[in-house]
Amino acid sequence: MQKILVARPIFPDVVEWLKQYFDVDANQGDLLPTEELTRHFTDNKDGALTAGEPINASVLAAAPRLRVVSNMAVGYNNFDMAAFNAANVLGTNTPDVLNETTADFGWALMMAAPRRIAESEHYLRAGLWQKWSYDAFIGSDLYGSTLGVIGMGRIGQAPARRAKGFNMQVIYHNYHNRTRVLPEIEAKLNAEYVSKQDLLRRVDHVVLVLPYTQENHHTIGTVELALMKPTATLTDIARGGIVDDAALVEALHAKQIATAGLDVFEGEPNFNRDLLTVPNVVLTPHIVSATEATRRAMANLAADNLIAALGEGPRAGRPPNPINPDVIGKARS
Ligand code: DGY
């Protein structure tokens, strides 16, 4: 029987399912710190199911039998894909199943931040509410405003679809090697492609939905924040590192933009603590895909990918979501 590692706790029934095919070493007690993944991989694993743990050349070198790593996330910036390709190791991810859940959560942040929901709730809980006043917690509207989407991929299109119900104008920009989406998608979303600078100048609310790559590092920094309206909201549901968090803290303190909603952070979970000094930001701990149905769909898809990629189950040899399909069938190097 082939051996696999399940690096982080997942639904117990998914572990049981994997046990039908593999000898499973499951970290269900969450006792395995990331640094020790290498040691566990050296235990002659053929595959692994991860949820964001870094897999790089040194991890792969210490795991000569490892052929597949299945990430339970759509983003796979935790994989060093050059190292995967050099070693003929297949990476897989879980796209699509979280698109709508992610968009819902982005929308929740995009409403909570400009309507100052977290900030005003803290005020109420602290017993500070004495009287109603016309200018308490004044925010800005979503309805009828301009939404900017940076990263109009499969996930980015989902908040754009929601914008219709809020009578919003949608403008978008894509990242490095990507340009416009198909004209029929633009037409359906009533979305206008604009330059990044244009988008930042025009938006009332901007949502970031792009993958983290070196090219996308600090897509939003001091220069970009300075272009935005003082009434604007920034929502980040993408990945830590796309926003320069230190620059954002400064921009929020200086009221260069009005508010932000962040679910992802540079260096998370050790995020920039200066963010806690900013009242006008809503902060959540990377829970964008956290609904029962979606996390189940992600876990099932991650297991499906692993089972198929290791040549088992009904889709043996044909995993649904290979990131680097060219290595399929090649001997591990
Ligand atoms: C993803 O899938 O990349 C999400 O950020 C994890 O919830």
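This is a predicted model: local features need pLDDT of at least 70, side-chain atom pairs count only at pLDDT 80 or more; totals for chains, interfaces and linings use all residues.
**Ligand surroundings**

The residues around the ligand are A73, V74, G75, L98, R239, H286, S289, R295 and M298.

| Residue | Part of the residue | Distance to a ligand oxygen atom |
|---|---|---|
| V74 | backbone N or O atom | 2.7 Å |
| G75 | backbone N or O atom | 3.0 Å |
| R239 | side-chain N or O atom | 2.7 Å |

Another residue of the ligand surroundings, S289, is placed in the loop between β12 (281-283) and α12. The relative accessibility of S289 is 6%, and S289 therefore counts as buried, the limit being 20%. Its side chain forms a polar contact of 3.0 Å with the side chain of R295. When neighbours within four places in sequence are left aside, the contacts of S289 are L98, T101, T294, R295 and M298. Among these contacts, L98, R295 and M298 also belong to the surroundings of the ligand.

Which residues of helix α1 are buried? In this helix, which spans residues 12-19, they are V14, V15 and L18. These residues lie on the same side of α1, because the arc they cover around the axis is only 105°.

**Aromatic pairs and charges over rings**

The model contains six aromatic pairs, counted with ring centres within 6.5 Å. One of them joins Y21 and F22; the ring centres are 6.2 Å apart and the planes stand at 50°, so this pair is classed as tilted. F22 has a relative accessibility of 2% and therefore counts as buried.

A further pair is made by F265 and F271, with centres 5.3 Å apart and planes at 45°, so this pair too is tilted. F265 is buried, with a relative accessible area of 6%. F271 also takes part in a contact with a charged group: the charged end of R273 sits over the F271 ring, 4.0 Å from the ring centre. In another part of the chain, R296 lies over the face of F11, at 4.2 Å from the centre of the ring.

**Backbone features in loops**

What kind of peptide bond joins E268 and P269? The bond is cis, with omega at about 5°. P269 is placed in the loop between β11 (259-262) and β12.

Positive phi values occur at D30 and F137, neither of which is a glycine. For D30 the angle is about 55°. D30 is found in the loop between β2 and α2 (37-41), and its relative accessibility of 38% makes D30 partly exposed. For F137, phi is near 50°. F137 lies in the loop between α6 (117-125) and β6 (146-150), and at 26% relative accessibility F137 counts as partly exposed.

At 35% relative accessibility, T34 counts as partly exposed. With neighbours within four places in sequence left aside, T34 is in contact with E53 and P54. The C-alpha atoms of T34 and P54 are separated by 7.7 Å, while the two residues are 20 residues apart along the chain.

Is T259 buried or exposed? With a relative accessibility of 4%, T259 counts as buried. T259 belongs to strand β11. Apart from neighbours within four places in sequence, T259 is in contact with A113, P114, A232, T233, L234, L252 and N280.

Notes:
Residues are numbered from 1 along each chain as its sequence is written. Side-chain values use heavy atoms; hydrogens and water are left out. Rings of Phe, Tyr and Trp (its six-membered ring) pair if their centres lie within 6.5 Å; planes under 30 degrees apart count as stacked, over 60 as edge-to-face and the rest as tilted. Buried means under 20% relative accessible area, exposed over 50%, partly exposed in between (1.4 Å probe, protein chains only). A charge sits over a ring if NZ of Lys or CZ of Arg is within 6 Å of the ring centre and within 35 degrees of the ring normal. Helices (H or I, at least four residues) and strands (E, at least two) are DSSP runs, numbered from the N terminus. The arc is that of the directions from the helix axis to the C-beta atoms. A residue is near a molecule or strand if one of its heavy atoms lies within 4 Å of it. A polar contact is a pair of N or O atoms within 3.5 Å; within protein, one must be able to donate a hydrogen and the other to accept it, and residues adjacent in sequence count only if both atoms are side-chain atoms. Contact means heavy atoms within 4.5 Å.
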